[in-house]
Amino acid sequence: MQPLIRIRGLTKRFGSGCDRCLAATGPEHDTNLCPHCGSVLACNDLSFDLFPGEALGVVGESGSGKSTLVRLLHFEWEASAGSMDVHRSAAGSHLLAEMFPENGDYSRNLLLLSHFQRRQMRNALMGIVYQNPHLGLRMGVSSGGNIAERLLGAGWRNIAKMRQRAAELLEKTEIPIQRMDEPPANFSGGMQQRVQIAKALSNNPMILFLDEVTTGLDLSVQARVLDLIRNLRSEFNLSMLVVSHDLGVINLLCQRTMVMKAGHIVEDGLTDQILQDPQHRYTQLLVASQL
Amino acid sequence: MITVENLTKTFTLHILGDKKIEACRDVSFRVPPAGFLGLAGPSGAGKSTVLKCMYRTYLAGSGAIRYQSATHGMVDLATLPDQAVIDIRHREMGYVSQFLKVIPRVSALNVVMEPIVSRNGVTRAVARKRATSLLERLRIPAHLFDAYPATFSGGEQQRVNIARAVSWQPRLLLLDEPTASLDQDSVGIVLDILKELRQEGTTMIGIFHDAMLLQSVTDSVYHIG
């Protein structure tokens with residue numbers, strides 16, 4: 001099986017950078033701050049593949065670079081270096097036919113696309129759910145309207161059809177249809193997360209980014225959101241990148257996991273192997289720290 | 001079907017000053033297709049470690065685990081890329097221990113049905129029938145079929161666990177004391193099910209704490225430690 005997307009050498013540096021940044025930061029120094037030039041290397045030379053239909057976990061402490069990684073892949077921030085290419089079979093690749101070399105299965109580097117092309121690619125290919133629903137939703141606009149906005153971005157124009165699609169998605173994510181005209185501001189935290197998920201799925205993405213989606217929810221609500229994600233994953237055959245500092249969430253959702261520390265991937269492997277036979281010093285500490 | 005050569009596993013505990021613990025050393029054996037190998041040895045000898053290395057829950061330190069896969073050809077499970085291991089686990093290789101580790105908030109019937117649906121490519125109706133008959137055979141009361149196994153007694157959980165492991169007829173099945181703490185009658189039922197599974201062609205490697213049991217179900221025994 002070929003990867004759906006391939007990431008190579010992905011790097012995000014805040015600051016001017018110097019030629020000693022690489023050597024002076026990372027897990028062995030326990031920092032991502034370069035002592036020589038003061039730059040922060042939030043993500044440093046990350047390389048990995050995401051396969052079709054798989055859920056890949058990303059764990060690590062606060063500040064390890066997990067959320068930066070998601071923002072780079074979702075084209076919210078510009079990468080300082082590296083490449084991301086997508087398999088020809090991916091949704092939306094027809095929009096960018098010129099991006100695929102004649103005999104190659106993979107696109108050229110998506111990180112070098114124009115802003116407009118990246119937005120097109122994102123609308124066709126990706127969905128995202130943030131920890132903070134304020135980032136993913138307009139709190140004052142109706143829940144149906146939030147979804148319609150996303151559908152407009154993906155090229156939908158027929159109002160009745162958009163409304164029908166919004167109703168279907170809200171039903172799947174267990175929001176009462178009678179409340180679809182209410183703004184998310186009226187909803188509880190768990191409901192807001194479910195509206196975010198409905199919105200993220202509205203364009204039938206192949207890749208879903210989940211950034212700490214259950215953090216801050218109480219346990220029973222967390223369980224419901226996780227069950228929903230699990231069911232939707234098999235229904236939509238989604239590839240997911242699941243960012244969490246909660247090993248329980250990763251264990252439940254992901255077959256493979258990467259461990260990040262100070263902007264680096266220090267270890268990756270099958271999730272049960274990472275949890276039961278962690279190799280890296282930091283992963284051992286992380287697993288031993290579990291409640 | 002599967003050949004283990006000089007398998008050695010050592011854990012390095014970084015948080016205890018890089019302390020090294022050797023879990024098993026130079027384990028070598030061979031299991032023919034549809035064979036059943038028992039692993040014997042004192043507690044702590046590394047029997048479970050060998051099974052976990054084969055399933056890749058542990059990374060082998062050195063040595064090889066050569067497996068003739070139906071879909072991937074001859075592979076070394078010690079070094080095979082993760083993605084291929086996931087695929088082999090999904091299509092061919094099952095693992096069952098005495099501890100039920102299932103997804104929370106899923107009913108007993110669905111726990112057993114899920115691998116049949118996703119791995120055997122049959123309809124839900126067929127899967128339901130097979131799962132129901134397995135649970136009935138393992139004497140799980142019918143009124144528990146739609147309850148969550150987390151609330152079951154230890155013995156019931158263990159039987160649901162076995163039903164899930166055998167339901168999809170894996171090609172290779174690793175058993176880590178699956179019958180520990182089951183009553184005599186239940187053990188008999190489980191052994192009958194394993195026997196049938198072997199007749200269908202499943203290769204097995206198992207750990208059983210009871211020496212009599214070990215001798216009666218396996219066709220060869222490898223002593224560790």
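Author: We begin with a term: pLDDT is the predictor's confidence in each residue, and it runs from 0 to 100. The model shown here is predicted, and on that scale chain B has a mean pLDDT of 94, with 100% of its residues at 70 or more. For chain A the mean pLDDT is 91, and 99% of its residues reach 70 or more. Within chain A, the lowest confidence falls in H8(A), at a mean of 85, while the highest is found in strand S8 of chain A, residues 256-261, at 97. As for the model as a whole, its scores are ipTM 0.93 and pTM 0.92.

Chain A contains eleven helices and nine strands, and its C-alpha atoms fill a box of roughly 55 × 50 × 40 Å along the principal axes. A compact globule of 291 residues would have a radius of gyration near 19 Å, and chain A agrees with this, since its own value is 19 Å.

Now to the packing itself. Two packed helices are described by the angle between their axes and by the distance between those axes. In chain A, helix H7 (residues 189-201) and helix H8 (residues 219-236) have axes that come within 10 Å and cross at roughly 15°. Because angles under 35 degrees count as roughly parallel, H7(A) is roughly parallel to H8(A). The crossing in which H7(A) passes H8(A) is right-handed. On the side of H7(A), the contact is made by Gly189(A), Gly190(A), Gln193(A), Arg194(A), Ile197(A) and Leu201(A), and these meet Val221(A), Arg224(A), Val225(A), Leu228(A), Leu232(A) and Phe236(A) of H8(A). Sorted by class, this contact of H7(A) with H8(A) has seven nonpolar, three polar and two charged residues.

H7(A) has a further partner in helix H5 of chain A (residues 143-153), and here the axes lie 8 Å apart at an angle of about 25°. That angle makes H5(A) roughly parallel to H7(A), and their crossing is right-handed. The contact brings Ser143(A), Asn146(A), Ile147(A) and Arg150(A) of H5(A) together with Val195(A), Ala198(A) and Lys199(A) of H7(A). The residues of this contact between H5(A) and H7(A) comprise three nonpolar, two polar and two charged.

Helix H5 (residues 154-167) of chain B packs on helix H6 (residues 184-199) of chain B at an angle of about 5°, with the axes 11 Å apart. H5(B) and H6(B) are therefore roughly parallel to each other. Their contact joins Gly155(B), Arg159(B), Ile162(B) and Val166(B) of H5(B) to Ser186(B), Val190(B), Ile193(B) and Leu197(B) of H6(B), and the residues of this contact divide into five nonpolar, two polar and one charged.

Last comes the place where the chains touch. Chain B gives 13 residues to this contact and chain A gives 18 residues. On the side of chain B, the most comes from a helix, H2(B) (residues 82-91), with four residues. That side of chain B has seven nonpolar, three polar and three charged residues.

Terms used
Residues numbered from 1 in each chain as written. Chains lettered and ligands numbered in written order. Predicted model: local features only at pLDDT ≥ 70, side-chain atom pairs only at ≥ 80, totals over all residues. Axes fitted to C-alpha atoms, helices over the stretch in contact; angles between N-to-C directions. Helix = DSSP H or I, 4+ residues; strand = E, 2+ residues; numbered from the N terminus. Parallel < 35°, antiparallel > 145°, perpendicular 65-115°, else oblique. Contact = placed C-beta atoms within 7 Å. Nonpolar A, V, L, I, M, F, W, Y, C, P; charged D, E, K, R; others polar. Left-handed = near helix turned anticlockwise from the far one by under 90°. Rg over C-alpha atoms; globule rule 2.2 N^0.38 Å.
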